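Dear colleague,

Here is the structure I promised to pass on to you, with the sequence beside it.

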Amino acid sequence: MSTSDHSLQSQARSRSRVAVVVLLGLAILGGAASYFAKRKSPAAESAGKSAARMHYETGVKLARSDDLTGASNEWQTAIGLDSEYARAHLALVKLAEQKGDFGGAVKQLDALRRADPQAVHITCRQAGLYLRAGRFEKAAAMARESVDSEPDCPQAHTMLGAILAKSGDWAHAVPELETAHRIDLESAPVTMALAVALGHAGKADEAITLLETMPESERGSPHAQYRLGWLLAEYGRNGHKDEKSALEALYRARATDPANAESNAEAGKILLRQGDTKRARAHFENALHSEATNAVAARGMASIFASQHLPEATRARQIAETLEKRETTLRDARRKYLMEPADTANALRLAELEARTGNRLDALDLITGVLKADPNNGTALALLHRLTTSLEKQ
């Protein structure tokens, strides 16, 4: 190769290196320009936060005057101005929850988590929302995740305790609720949940003392009075049931919340044992009107019909037995799933039970979990087909 050819190649490589350097420089400058263009100055950021707070407070005022649409718009504007403004996010969560839109509330919490990855108490709140929506398995997974990530969060331990209680696992529910109670002694919901768990765990005297030492404002609530009445009727003090005091507590609960299914059903049970069939029947009817699947009230009505030799007695007994069996079977399957999530047969059994109660989303999650581990599981595939086919028909 000639000297001139070498020279030309050298010049070409030099020009190439220069071009690369220039392009890199432009890219860097372009990126920096983009970064500085997107980044707000401290003054602008402060102004945005101030405006967000103003819109949030305006939303609070509108909500107090029952203008929920206006309040929602103001809170959304606040988030638009400051995406990390947690109070606006949580206000929208509460609004969705009040409307029964638990899915919307969960999505809003997800939005807060994306905007501020450091935000705390997101998972525990989601666990509570899933539990209220009847999503037992999803709530259980979220509650366990929350306890692991935030061990000092009383809400996380409360949710896990409540989930264990719904599965009838009182032995493990009590420690979780005791932990929550130690962290937050002033929380009435935690205290009441712990009292119920202690009653089921054979510690009724301790449970009754917990309720009776609550602050006056909380002790008189219908929720607290129902639980006190239930404890006195089912367990009593020092092993002696006190139906008179139990009825008094249940009637105090009904005075504030006359339609409450649990208070009515428990009062009906006591009255039926005392031979007051007429009043017992009225309570059972009230309970079933509020909650058609209340097994205690259904069993009470069946007993009354049988004692009066009514033609509906057989059918009433069959309905009560069906409700009781469904309740027991579902509770047992849930408890086993919490203890042994890898038990495929129980997971699929639980999926079918959840689907029958209308909890199709958890049922699909359970089936999908089985199929991930074993894509050819015939039982899971058949159940998935039945479930998706029934969804398509709706």
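**Helix α4 and its surroundings**

Helix α4 has 13 residues and spans 18 Å from its first C-alpha to its last, which is close to the 18 Å expected at 1.5 Å a residue. Before going further, please keep in mind that this is a predicted model, and that the values here are computed from it.

The buried residues of α4 are A88, H89, A91, L92, V93, L95 and A96. What is H89 in contact with, once its neighbours within four places in sequence are left aside? The contacts of H89 are I79, S83, Q108, A111, L112 and A115. After α4 comes G100, which has a positive phi, near 80 degrees.

Helix α5, made up of residues 102-115, has 14 residues, and from its first C-alpha to its last it reaches 20 Å, close to the 20 Å expected at 1.5 Å a residue. Its buried residues are F102, A105, V106, Q108, L109, L112 and A115, and the buried residues of α5 pack against α3 (68-81), α4 and α6 (122-132). Q108, L112 and A115, which are buried in α5, are also among the contacts of H89.

In the loop between α5 and α6 you will find H121, which is not a glycine and yet has a positive phi of about 60 degrees. H121 counts as partly exposed, because its relative accessibility is 29%. N238 likewise has a positive phi, of about 50 degrees, although N238 is not a glycine. N238 lies in the loop between α13 (222-234) and α14 (243-256), and N238 is exposed, with a relative accessible area of 63%.

How many disulfides does the structure hold? The count comes to zero. C124 is in no disulfide, and the nearest cysteine sulfur to that of C124 belongs to C153, 3.7 Å away. C153 is in no disulfide either, its nearest cysteine sulfur being that of C124, at 3.7 Å. C124 is buried, with a relative accessible area of 2%, and C153 counts as buried at 3% relative accessibility.

**Two pairs brought together by the fold**

E145 is in helix α7, and E145 counts as partly exposed at 42% relative accessibility. Although E145 and A127 are 18 residues apart in sequence, their C-alpha atoms are 9.3 Å apart in space.

L323 lies in helix α18, and it is buried, with a relative accessibility of 11%. The C-alpha atoms of L323 and N294 are separated by 7.7 Å, while the two residues are 29 residues apart along the chain. Not counting residues up to four places away in sequence, L323 touches A292, T293, N294, A295 and A298.

**The second largest pocket**

The second largest pocket has a volume of about 380 Å³. Of the 19 residues that line this pocket, those closest to its centre are Y337, P341, D365, L366 and G369. Which elements give two or more residues to the lining? They are α7 (136-149), α18 (313-339), α19 (344-356) and α20 (360-373), and α20 gives the most, with six residues. Sorted by class, the lining of the second largest pocket has 10 nonpolar, two polar and seven charged residues.

**The chain as a whole**

Stepping back, the chain has 21 helices and zero strands. Of its 394 residues, 40% count as buried. Among the contacts in the chain with a separation of 6 or more, 46% come from residues 24 or more positions apart.

With kind regards

Note on methods:
Residues numbered from 1 in each chain as written. Predicted model: local features only at pLDDT ≥ 70, side-chain atom pairs only at ≥ 80, totals over all residues. Heavy atoms only, no water. 1 Å grid on protein atoms, 1.4 Å probe; cavity = no way out; pocket = protein on both sides within 12 Å on 5 of 7 lines; lining within 4 Å. Points joined across faces, edges and corners; volume = space filled by probe spheres on them. Helix = DSSP H or I, 4+ residues; strand = E, 2+ residues; numbered from the N terminus. Nonpolar A, V, L, I, M, F, W, Y, C, P; charged D, E, K, R; others polar. Contact = heavy atoms within 4.5 Å. Expected span 1.5 Å × (residues − 1). Buried < 20%, exposed > 50% of the residue type's maximum accessible area, 1.4 Å probe, protein only. Disulfide = S-S within 2.5 Å.
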